[in-house]
Structure formats: C-alpha cells, structure tokens
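Visitor: Hi! I'm new to this one, could you walk me through it?
Guide: Happy to, let's bring it up first.
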Amino acid sequence: MKVKTIYKCVNCGYKSPKWAGKCPDCGEWNTFEETEEPKNGGKMVKTVSRQPISRLIEVETGNDQRLLTGITEFDRVMGGGIVRDSVTIITSPPGGGKSTLSLMAASALAKQGYRVLYASGEESDSQIKNRADRILDTIAENIYILADTSMDRVLDAISEVDPDLIILDSIQTFSLAEFLPSRAGNPTQTMECASVLVAQAKNKKRPRAVLMIGQMNKSDEIAGLRALEHLVDAVLVLEGEGADELRCLVATKNRFGSTGEMGFFTMTETGLSSIDNPSEYFVTKRQKGDTVSGSAITVLKEGSRPVITEIESLVSVSFTPYPSRISETMKKDTMNTLISILEQRGNIKLYDKNVVIKTTGGLYLKEQAANLAVLMSIASSVYNKPIPADWAFIADVGLTGELKRVPSMENRVKELDRMGFEKVFIPVEGMRDNHLEHIEVVEVKFLSQLIGMLFGRKQI
C-alpha cells in the first residue's frame, strides 16, 4: 500500500502537507508531528464501520449487565458494580493505590469465574506477582498477565484470552505501531490506544469491561488531553498520598451511577480495606461519660450517603502580633470567615488567640453543613467546657449570625438517629419531617442563642 507523509497536530488533529510552527486551526505552537497515511489516487482512504440502528425501546438493559466485585466501597462508587461494556479510568497521585485497587478487583472477579487480562506497561510480570502475593490471599487461575507496552500485542492477547475484564496499567505507557514514531504518552498514542479499547468494550457481540489506569500530572489531573475523560464512561480519582492511611475513591464522572459518589478505604500492608461504616471511622470512640472540650459532631454528605464526622479545635493564647489560624481540613478563607462570625455574633474574642482545626480521620470539610459544628468546637475549646458526645450540630451560619438550612437535612438526622445520638441542633424550620423515634431535634435561630444555651452568655 502506498503511503504519503503528512504533518498532524497532536492537539486538535489538523492535517497539513507541510510542517508549520503554529497550527492554523487551534493556534498552538510546535504541535505538528510527522506521520504517514495511506493514499489511493491522491485521495485518503477512509474506512467507516457501520453500526446497526436500534430502537431505543428495544435496547435491553438489566442488573445482569454489571460485574459485582464484592469490594463494597468500589461497587458503591461504580453505581452497583462494573458495567459489562463500560470503559473506566482510575487515577491518583503516585503511590495512591490505583494499581493495588485494580488488582484486587481483578482477583475478586476472577474468583467468580470471569477471565481477566491485566496488561502492564510499567511493571514486569514478576513485580505484579510479588504485589499479588502480598495483597491477595489466593491467586485465581483466571487472571492473565501481559507485561508489554505494545497495544497491538494487547489486542492479540484479547483475542487469545477472550477476557471479561481488561485492565491497562497505565494507558500512557502503551503505543500502536500504526502511529509510530509517536512515542507512548504522546496525546495521539494515548487517544488512539484508548479508542481501540472503547471499540473492544462496546462490541455488541462480545461486550467487555475495561479499566484503564491513568497517570496524574502535577496539576492533579489525568495526564494528556481532556478528551480522554470525555471518551470513557467513568472517571475515578483515588485521593490520598503514600503516607496517608485514608484513601477516598471519588467518581468525577459516571454514566452509570452518581457523579460525586465517594468510597472510603484504609491502606494496609495487605492492600486497600473498605471502610463499610464511615460514621464510626470518623468519630473518636470514647467510653460513655468520657467528654473532652473542643470536640463537636456534624453530619457530612459524601456522595449519596451521610457520614457522621467529629471536628476538633484547639484554642491557645498567642504571644505574637498575628495569631495562627491552622487547618488542613478546610479552606483558610472559610476558617477566617467563621472565626470573624464567632467574634462578632458570638461575642467570643479571638484576636489574641491561636486557632487550630482538624477532623478525626482527616476528612476534608467541603460542605457548609459543618460550619455550625466548627464554631461550636471552637467555643467549647475557649470555654473549656465539653459538649456531650451524643449531641450534634447541622447548619450553615450566615454573616448575620443566623443558622441556615442545608440540603438533605432529613437523611443526616436519620443517620444520627441510627447511630444512637440523643440530640441534634438545627436551624428553625430546618426539617420538614421531624417525627423521629429516639433523637431530639432542637431548632435554634441565632448563633448567640445556641452559645448561651450551651455555655452561658458570658463574653470572652
């Protein structure tokens, strides 16, 4: 077959017979790469695959289209398991545990009789075996390993093994011979390799699930073009660095489940372990009657479920002109705003005091529902007066000092009721249905009113 040399922009795909420093289509500089394409009488040869047309009402779906791994938190984030003809990409910082989680999912499905092809362009087969020996109790016979960076070899292996699940670790390390000399990791190679895997997954005669591991760049995003995220069905981000025990799996995109759904894991010597009851993990276990100052309980909404969380504060006298405001679990601007509200509306002066805030378990405070609990924990530390461990606070606090309603209040309070809490403080008319069997719901309008109820009205 005759070929001709052309130059293609790796950013937008624009083709030119000559090299240019700037792409006339997208305007990017130094994005042209030399490549070869077949020609036929001066015309480019284009192959179009014809897909059958179906009536939407006749398309069959069902729960049997999902593969359940049995890893509780992983299946939850996926929306109830891996869809058979889906393509998922999982990314995390180096050492985050994405390869470990993928191997655990492979083992769980292989034990159910599914065939799994694990292709790695980063590790040798012996390295993968060493990890498997460390994190898996037994190694199933249906896991096939391929240590190669050639996507062409992966496609051959798919034909040989006929797997139900294909795992690629990582997509940025593979290349197709058709697009050489573009190296692996080049946007062209990455997108083309991902495209052939999508074609494998969406084959109606033999659907397969694909799990691609993606490298993360310095901006904490998937390396390469954003088009890769648009191409796949689900994007999972495994948050947490090598030294952290807690790992949070977040679905930033999911065509078959809830976007924003979150699963919790702990990293151990034997791999990732699901935290099946986060409401116990993020609260300090204390004996009945044990109380400490500076602690307050709230309920956060992580994905579709409520999670009970403990907030701790430490207030100390500052001997410098500029007191410290320290928190690794919330934005500094948010922290400073809440401290200003507490000073002005709660009559608690903190201009000469250091304030440190953290959460048990290291859960990040992204919701305004935690604001009241943050203020109560600071007030408890200032007054050195404990708050009962079975009391909770759910509300946002405005600049006026008014307590404001937050979404999903009923579900949050029901979670507290399920866990045996006795009292919860919420805004006035914060719940539409407050007929609960055990927990007492106390409605409060102003921050100063709540501080007076719990600590007295003395100004500090």
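Guide: One term before we start: contact means heavy atoms within 4.5 Å. Also, please keep in mind that this is a predicted model.
Visitor: Got it. Which residues is S318 in contact with, leaving aside its neighbours within four places in sequence?
Guide: Those are P323, D352, K353 and N354.
Visitor: And where does S318 lie?
Guide: You'll find S318 in a loop, with strand 17 (305–317) on one side and strand 18 (325–327) on the other.
Visitor: Is S318 buried or exposed there?
Guide: S318 has a relative accessible area of 11%, and buried means under 20%, so S318 counts as buried.
Visitor: What joins the side chains of S318 and T320?
Guide: A polar contact of 3.2 Å does.
Visitor: Let's zoom out. How many helices and strands does the chain have?
Guide: There are 11 helices and 24 strands. The C-alpha atoms of the chain fill a box of roughly 90 × 55 × 50 Å along the principal axes.
Visitor: And what share of the residues is buried?
Guide: 48% of the 460 residues in the chain count as buried.
Visitor: Last one: of contacts with a separation of 6 or more, what share comes from residues 24 or more positions apart?
Guide: Such residues account for 64% of those contacts in the chain.

Definitions and conventions. Residues are numbered from 1 along each chain as its sequence is written. This is a predicted model: local features need pLDDT of at least 70, side-chain atom pairs count only at pLDDT 80 or more; totals for chains, interfaces and linings use all residues. Side-chain values use heavy atoms; hydrogens and water are left out. Helices (H or I, at least four residues) and strands (E, at least two) are DSSP runs, numbered from the N terminus. Buried means under 20% relative accessible area, exposed over 50%, partly exposed in between (1.4 Å probe, protein chains only). A polar contact is a pair of N or O atoms within 3.5 Å; within protein, one must be able to donate a hydrogen and the other to accept it, and residues adjacent in sequence count only if both atoms are side-chain atoms.
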